[in-house]
Amino acid sequence: MQLTSLDLTDYRSYPRLTLAVRPGITVMVGQNGQGKTNIVEALWYLATLSSHRVPHDAALVHRGESTAIIRASFVRADRPLQVDLEITPGKSNRARLQGQNVARLRDVLGEVRAVLFAPEDLGLVKADPEGRRRFLDELLFEIAPRYASVKADYDRVLKQRSNLLKQMRSMRRGGGGRSVGGLDPADSAASTVEVWDQQLARFGAELLRARLHLVNRLRPHVGYSYLRVSTDEGAEESLDLPPDQRGNLSSPADVAYRSTVLDELGSAPGELPSTLEIHDVLLRLLASRHDEEVDRGITLTGPHRDDLEIRLHDFPAKGYASHGESWSFALALRLASYDLLRLEEGDLGDGEPILILDDVFSELDTRRRERLGGIVTGASQVLITTANDTDIPDSLDGEIHLVDVSLGAAVPRESGSWS
């Protein structure tokens, strides 16, 4: 798919911006703080309904305003696609597809496909599991949007169950509570938590299996992409393998989905248990840890506690990999996402995502910068932000469209060349 135009109203630093975007490579050049990232962040928000920089929407609205609007036009599967999003912090955001209101905001997921590289991606290797879970879910929702509803249901039940556990902890520490309908409050709470167990196991099993299946499909592309960006062999054209041959390639980089449920099942790498098997084990683990959960006031088992295990040379990459190796792994995860999205086009077809490189080249050494440039050159559409023309690698081949960004404005440069 391709972005053809982006309109922003009261979004971040832009009271008003209209930017026409051409196929191929577009590089937005401007000093730090001028609004380059704001442009690509808006596109990423359309793809994922979240920012890669902030957890809350309030920062996305121009100072002094109450609402920000993102309007974007695309071509997907040779058909025009219009996506509009209205962001109003403190209220429900609203969206339109082809000019028509959608019933639920998450109905726009899967329409816009993008892969974002950003300096924050180093956290995929070095930071806590929450970011890796988010990485998996964002990719999953782009490929199979229905799982956004499953995740929303799981989060809702998890919140209710955890609140109940906190109440039970208070009752335990306080020596009881007020009788409800003649029932002992502790017995009533215990019965209620079992109801939440059933629902958490139902939604959790579906989400866990979807994530596991995703990681199994992603795994060969991660190993392959790591070789391409990190090793001398990666620079050779002979490593340009078709997707069905990448699983046989020996790579020091590997990923796996880690869950106490899978440990309990004894699942082998690459194995995909049924939803029912996962459900039954998850339900049993929930029941077995009730006392501990009440003591701590939190839910201790489920997909919200799982992790994407990242290993290099069969060691955990976190704490083992060097800074350069960690960057290579982060890039490999995003490149693998790009490859998987191209293969799994979805119901609309034309699944090739828009590649976004947000100030990444300045973070890489010359060798990795040139290799990444050579890899992304073949993409249908690439959007790049950089503070300096000199950060654009020589390996980034083809016609390059330059856009100069200054505070509140983005203006195409007359010449397509740079010095």
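## Lys36 and the annotated site

Lys36 is part of helix α1; helices here are DSSP runs of H or I with at least four residues, strands are runs of E with at least two, and both are numbered from the N terminus. The model is a predicted one, in which local features need pLDDT of at least 70 and side-chain atom pairs count only at pLDDT 80 or more, while totals for chains, interfaces and linings use all residues. Residues are numbered from 1 along each chain as its sequence is written, and side-chain values use heavy atoms, with hydrogens and water left out.

Is Lys36 buried or exposed? Lys36 has a relative accessible area of 6% and is therefore buried (buried means under 20% relative accessible area, exposed over 50%, and partly exposed in between, with a 1.4 Å probe and protein chains only). Gly30, in the loop between β3 (24-29) and α1 (36-48), also counts as buried, at 7% relative accessibility. A polar atom of the Lys36 side chain lies 2.8 Å from the backbone oxygen of Gly30.

Contact means heavy atoms within 4.5 Å. Not counting residues up to four places away in sequence, Lys36 touches Tyr14, Met28, Val29, Gly30, Gln31, Thr385, Thr386, Ala387 and Val405. With neighbours within four places in sequence left aside, the contacts of Gly30 are Lys36, Thr386, Ala387 and Val405. Both residues fall under the UniProt annotation "binding site", from an unreviewed entry, which covers Gly30, Gln31, Asn32, Gly33, Gln34, Gly35, Lys36 and Thr37. UniProt positions are given in the numbering used here, feature names are shortened, and annotations may be inferred rather than shown by experiment.

## Strands and sheets

Six strands form an open sheet in the order β2-β1-β4-β5-β6-β7, with antiparallel pairing; two strands pair if DSSP finds at least two bridges between them. β2 (14-20) and β7 (100-101) are at the edges and have a single partner strand each, so one side of each is left without a neighbour in the sheet. Within this sheet, β4 (residues 68-76) and β5 (residues 79-87) run antiparallel and are joined by nine bridges. Ala68 stands opposite Ile87 of β5. In a regular strand the side chains alternate between the two faces of the sheet.

Strands β14 (residues 400-406) and β15 (residues 409-412) also run antiparallel, with four bridges between them. Val403 is placed opposite Pro412 in β15. Two residues separate β14 from β15 in a hairpin, and Gly408 in the turn has a positive phi of about 85 degrees.

## Salt bridges

How many salt bridges does the structure hold? There are 28 salt bridges, each being a side-chain nitrogen of Lys or Arg within 4 Å of a carboxyl oxygen of Asp or Glu. One of them joins the side chains of Asp128 and Lys318 (3.7 Å, N to O). The pair links distant parts of the chain, 190 residues apart: Asp128 is in the loop between α2 (123-126) and α3, and Lys318 is in the loop between β11 (315-316) and α9 (323-343). Asp128 is exposed, at 52% relative accessible area, whereas Lys318 is partly exposed, at 43%.

Asp153 and Arg156 also meet in a salt bridge (3.7 Å, N to O). Both lie in helix α4 (residues 146-174), three residues apart, about one turn of the helix. Asp153 is partly exposed at 25% relative accessibility, and Arg156 is partly exposed at 40%.

The side chains of Arg217 and Glu344 form another salt bridge (2.6 Å, N to O). Arg217 is in helix α5 (residues 185-230) and Glu344 in the loop between α9 and β12 (354-358), so the pair ties together parts that are 127 residues apart in sequence. Glu344 counts as partly exposed, at 22% relative accessibility.

Glu142 belongs to helix α3 (residues 129-143).

The Glu142 side chain does reach the backbone nitrogen of Ala114, at 2.9 Å. Apart from neighbours within four places in sequence, Glu142 is in contact with Trp44, Ala47, Thr48, Gly110, Val112, Arg113, Ala114 and Leu341.

Conventions
Polar contact = N/O pair within 3.5 Å; in protein donor to acceptor, adjacent residues only side chain to side chain.
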